[in-house]
Amino acid sequence: MVVRVPFHRWVHVEHRSLQPVHGGFYCLLPIQGRRVIAVVARYRHPGQLECKAFSLFVREYAELLGLGDNLIWAVRDDLVKWLDALVHNSFMRHSTPGLRASFEGIGRTTWILIKHGCKAWPIEVVDGMMQNGWREFRTAHALTTNYRLILTCERRWIFNAIILDQNDLEVSYDWTMLLNEHWRELHGLQVQMGNRTWSISLNNGDLNDAMFNQLLDALQLQLFDYVFITMLPNLTVRIIVLHATTDRERIYDWL
């Protein structure tokens, strides 16, 4: 039976069997409902573990989550990347555009997905407080009280993160530096804010002035407003504007 809510993480479950050939299961945990078996692991030879996508899971979720063509893994790191991608894809599949519905959840608990560079962290929000998953996110980023975390809404339940240090400079990590390699390859930018998109051409790295000015006119910037520009892994550019006086995000009609 197909689960109609996002998966917030995956787990490895050992198989209670006397047979040493069985390596257990890899299951996806939905934000509501029972876990779903995604992968079966078996030892084809002593010390050689082979993981294969569960046939029923493939039939039910192939179109929903985009499972890909390679469904057998001999290297665990490749399997982990696949499972992480399924968690991300499940949030994308069940989320909807828009800022105002982003914190709608089930009862008093909401699961959100915070994306940063090429990685993502599912985090449980209980009564407005970040709980399960928050410690992993905080530890991975070595967050301190001097850092500032800014979240911009991509879709319902899904947010993109920007982290600033005490000097208001963006902090870079291994999973964010990979994106910088793409800037030199770009011939144009696709800037998205809510349901609006601006296309800006590039010539040897220089922005087209007329196209960029159209974006600035729409933003209606005030003196000393903060403007954060970040590029996502799909090369889409997103912008956050903070009020100079209140330090809060400026909300536009199209968000």
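**Entry 1: confidence**

I began with where the confidence is lowest and highest in this protein: helix H4, residues 174-180, has the lowest, at a mean of 70, while helix H3, residues 134-141, has the highest, at 94. I remind myself that this is a predicted model. I then looked up the protein as a whole and found a mean pLDDT of 83, with 87% of its residues reaching 70 or more.

**Entry 2: cysteines**

How many disulfides does the count come to? I get 0. I looked at two cysteines anyway, to see how they sit. Cysteine 51 is buried, and its relative accessible area is 5%. Cysteine 118 is partly exposed, and I noted 44% for its relative accessible area.

**Entry 3: salt bridges**

Next I turned to charged pairs. Side chains of opposite charge can pair when their charged atoms come close. Searching the whole structure, I found 2 salt bridges.

I took aspartate 168 and arginine 148 to start with. They form a salt bridge, and their closest N and O atoms are 2.7 Å apart. Why does this pair tie together parts that are 20 residues apart in sequence? It does so because aspartate 168 lies in the loop between strand E10 (158-164) and H4, whereas arginine 148 lies in strand E9, residues 148-155. I also checked how accessible the two partners are. Aspartate 168 counts as partly exposed, at 34% relative accessibility, and arginine 148 counts as partly exposed too, at 23%.

Then I went to arginine 250 and aspartate 225. This salt bridge has its closest N and O atoms 2.6 Å apart. Arginine 250 is in the segment after strand E15 (236-242) and aspartate 225 is in the loop between helix H5 (209-219) and strand E14 (226-231), so the pair ties together parts 25 residues apart in sequence. Are arginine 250 and aspartate 225 buried or exposed? I find both of them buried.

**Entry 4: histidine 8**

I found it in strand E1, which covers residues 7-13. Histidine 8 is buried, with 10% relative accessible area. What is histidine 8 in contact with, once I leave aside its neighbours within four places in sequence? My list for histidine 8 reads Leu29, Pro30, Ile31, Val87, Phe91, Trp111 and Pro122.

**Entry 5: two helices**

I moved on to helix H1 (residues 55-65) and helix H2 (residues 76-94). They pack at an angle of about 60°, and their axes are 10 Å apart. That angle makes H1 oblique to H2. Which residues meet here? From H1 I wrote down Phe57, Leu64 and Leu65, and from H2 I wrote down Trp82, Leu86, Asn89, Ser90 and Arg93.

**Entry 6: positive phi**

Last, I looked at backbone angles. Aspartate 127 is not a glycine, yet it has a positive phi of about 50°. I found aspartate 127 in the loop between strand E7 (119-126) and strand E8 (129-130). Aspartate 127 counts as exposed, at 53% relative accessibility.

Glutamine 220 is not a glycine either, and I noted a positive phi of about 50° for it. Where is glutamine 220? I found it in the loop between H5 and E14. Glutamine 220 counts as exposed, at 56% relative accessibility.

How values were computed: Residues numbered from 1 in each chain as written. Predicted model: local features only at pLDDT ≥ 70, side-chain atom pairs only at ≥ 80, totals over all residues. Heavy atoms only, no water. pLDDT = per-residue confidence, 0-100. Helix = DSSP H or I, 4+ residues; strand = E, 2+ residues; numbered from the N terminus. Disulfide = S-S within 2.5 Å. Buried < 20%, exposed > 50% of the residue type's maximum accessible area, 1.4 Å probe, protein only. Salt bridge = Lys/Arg side-chain N within 4 Å of Asp/Glu carboxyl O. Contact = heavy atoms within 4.5 Å. Axes fitted to C-alpha atoms, helices over the stretch in contact; angles between N-to-C directions. Parallel < 35°, antiparallel > 145°, perpendicular 65-115°, else oblique.
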